[in-house]
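I opened my notebook to record what I looked up in this model, entry by entry.

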Amino acid sequence: MKNAKRNAIITLLIIALCVAGLIYMVMNGVGAEKTGRAEDIPLGLDLQGGVSVTYQIEDEDPDSSAINATKEKLQKRVDGYSTDGSVYLEGDDRISVEIPLDTSKYDANQILDDLGRPGTLEFIDSENFALADANGDGAIDDTAVEGETYKAALTGADVKNAQAGARKDNISGAQEYVVQLQFTDEGAAKFAEVTGANVGNVVYIVYDKKVVSYPRVNEAINGGSAEINNMSSYEEAEELATTIKIGALPLTLKELRSQIVGATLGSEALSTSLKAGIVGLILIFVIMICVFRFPGLVAAIALCIYTLLELFFLNTFHISLTLPGIAGILLSIGMAVDANVIIFTRIKEEIADGKTVKTAIKNGFGKAFSAIFDGNITTIIAGVVLLLMGSGTVKGFARTLILGIILSMFTALVITRLLLNAFCDLGINNKAFYGKAKEPKVGNYSKYFKITAPASIAVIALGLIFLIVNKNMGSRGSALNFSLEFSGGTSTSVTFDKAYTQAEAEKDIIPVIQEAAGIKSNIQVQIVDNSNQVIFKSEELNETQRKAVNEALGEKFGVKDADVESENISSTISNEMQRDAILAVVIASILILIYIAFRFDDVRFGASAVIALVHDVLVTFMVYSVAYLSVGGTFIACMLTIVGYSINATIIIFDRIRENLKESSIEKDGVDGIVNKSISQTLSRNVYSTLTTFVTVLMLNIMGVASLKEFTFTLMAGLICGMYSSIFITGPLWMVLRKYVGKKEDKAKAAKAKKTA
């Protein structure tokens, strides 16, 4: 007993010291670079602002394929600085780039120079390189002019893709780092020719006249793919792959203008979001303590540790915080709270069965583990697929989600457990402190499926019908209210006679533009630092609307026509990015189906989970369709958050069904009885988990900036939908599949189980 108390005190002291250390690191950082300091967490363009540069295309009559290829190359270069940057077409012959950047810490001019340079990439054989490198310094001399003193076998235009990889050497078994190349059809033919003629010799890879690699040719390479091996590290391989991949820009660009712009969500977005988050966390603490008593207090401590860890690692891993990133954090906080709710509910059930507090804690964690593990792993699977296949806002969401899920599992399964056991050993083991679960009244939820299934189909159909209605309504004109990120629009740059703040522009100027142009959609505002210039990005305006806006601005603010510049701009979320996001969700759903089918030894669980997931997404989509809400980058983040909650809620129900299938006889209770019992046992969990996340999102809706209203509204609608589906759709859907699909397999399993017994 003395040893237990001593160990408990040591455990609490170690945790306290770790927390103190975390607080210090989050406030002050570690080392000369201040690693881990919350103040230095990189922010996205929507929360911080950054650098905006517009390039003029100097080539005459460039075709659309060359323009799109240039945009893609620029996007890859931008991704090297931040995955939250955006590239879009302005007018017919300009390309604009926006990069989130703290201009007080980075040399913006150097970044702009690197971003827009042509960046010639060439593959040159030994003979021609010797001619080009007359000085013998390993670089192409300025006097060497292409076509006069040397010839490149291939250029960057011949390379389709390049990526870093790692594999084991077939002979030594050692880890080897490589760069895998893929060429275009024309490039494949050129590469086959140059390698065939240079077996045993070196081929130089030259970027901006400097050699970046010189692999030796071992054999003629056909087929359009190749591999550069013997890289010293994965980082070296990744750097070379990036250099080759961004290659040369197909078009020649000249910098037209560059400027430092404010946050697209407004300068107050971050501070108000943080305040709303703090209020939301406090409300979560209050709810947890009221419902679960002393364990709720322990959960509050664990959530504080989770928050500190999240802040520390956001900086350490250089993860940019954006609005979609905040959505990922909200989801992971919800998962952290949910894990504690599952554990504490199990502990209360064990105490109700007559177990001691110490035993109840042990059993509670043991019985809760499978549900927590499966729920988090399925969400991580989705996050990893989105990270690998997505881009832009999708990657930002995936990064914060994966980090948050890992930290939430750690704090729930390790920190909470250590704290509860330590306090229990110190004498806080009165059952009154932990509560006792009441036997849930088993409701006949399965019978409502005959009503809820058609109702859900009707709601989803309503959303689809409104797509047609919206397209044919004069005031709407399109099926969905696509924002600038998806549809593009008009950028109107106005120079006023004084400087305006973001709040003043939103309050005083936007209504004037909306009334003059006759539009109701949101207008994005960017303040240009150190000037009187304000940029307004709206839906596409025709000549009549532009003229009306100019006249209104002149009348209200004394702006002259010469001080207003308008250009149509393309979407920042390209068709490729949209396709990648959709494909990533589809692949993630398939992998989740496979995982659940494997873990639950029944493909019907996986099928039910995916159908429930699709149900929740489509119902939330209905809200966007009927309310004609803006569909942009936040739409993707919202939908992905709903997917995460849907998966987790489904796993909780299925875990109970799996447990009750072992304990109950299907002949005695029937499939309906097992499903109803499982839903009843997890009902409180569904309510409390949804409630705790809902209040955080609600605080963002109430306290956050105007641009967060639509996002938080649809997120709240999605949370309610997720709770509804976990009670009335998921379990009953599995029940239907169980009854009518795979009867022979069930009989075979039952016969095998009897034989084994």
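The model is a predicted one, in which local features need pLDDT of at least 70, side-chain atom pairs count only at pLDDT 80 or more, and totals for chains, interfaces and linings use all residues. Residues are numbered from 1 along each chain as its sequence is written, and side-chain values use heavy atoms, with hydrogens and water left out.

I placed Ile582 in helix 16, residues 575–599; helices (H or I, at least four residues) and strands (E, at least two) are DSSP runs numbered from the N terminus. Ile582 counts as exposed because its relative accessibility is 56%, where exposed means over 50%, buried under 20% and partly exposed in between (1.4 Å probe, protein chains only).

Which strands pair with strand 3? Strand 1 (residues 50–57) runs antiparallel to strand 3 and is joined to it by seven bridges, and strand 2 (residues 86–90) pairs with strand 3 in the antiparallel sense over five bridges; pairing requires that DSSP finds at least two bridges between two strands. I noted that Ser96 stands opposite Thr54 and that Ser96 is also the bridge partner of Tyr88.

The hairpin of strand 2 and strand 3 has three residues between the strands, and in this hairpin Gly91 takes a positive phi near 70°. Strand 2 is mostly covered, with five of its five residues buried: Ser86, Tyr88 and Glu90 point one way, and Val87 and Leu89 the other.

In strand 1 I looked up Val53, which is buried because its relative accessible area is 1%. The C-alpha atoms of Val53 and Val87 are 9.8 Å apart, and the two residues are 34 apart in sequence.

Helix 5 (residues 185–196) has twelve residues and reaches 17 Å from its first C-alpha to its last, close to the 16 Å expected at 1.5 Å a residue; the expected span is 1.5 Å times one less than the number of residues. Its buried residues are Gly187, Ala188, Phe191, Ala192, Val194 and Thr195, and what covers them includes strand 4 (121–125), strand 5 (154–155), strand 7 (175–183) and strand 10 (225–231).

I next checked Val217, in the loop between strand 9 (210–213) and strand 10, and Val217 is buried because its relative accessible area is 8%. Leaving aside neighbours within four places in sequence, Val217 is in contact (heavy atoms within 4.5 Å) with Thr195, Asn198, Val199, Gly200, Asn201 and Val203. Val217 and Val202 are 15 residues apart along the chain, with their C-alpha atoms separated by 6.1 Å.

Most residues other than glycine have a negative phi, and most peptide bonds are trans. Arg293 is in the loop between helix 7 (269–292) and helix 8 (294–316), and Arg293 counts as partly exposed because its relative accessibility is 43%.

Tyr628 also has a positive phi, near 55°, and lies in the loop between helix 17 (603–627) and strand 17 (630–631). Is Tyr628 buried or exposed? Tyr628 is buried, with a relative accessible area of 14%.

Within helix 17 I looked up Ser608, which is buried because its relative accessible area is 0%. Not counting residues up to four places away in sequence, Ser608 touches Phe654, Thr730, Leu733, Trp734 and Leu737.
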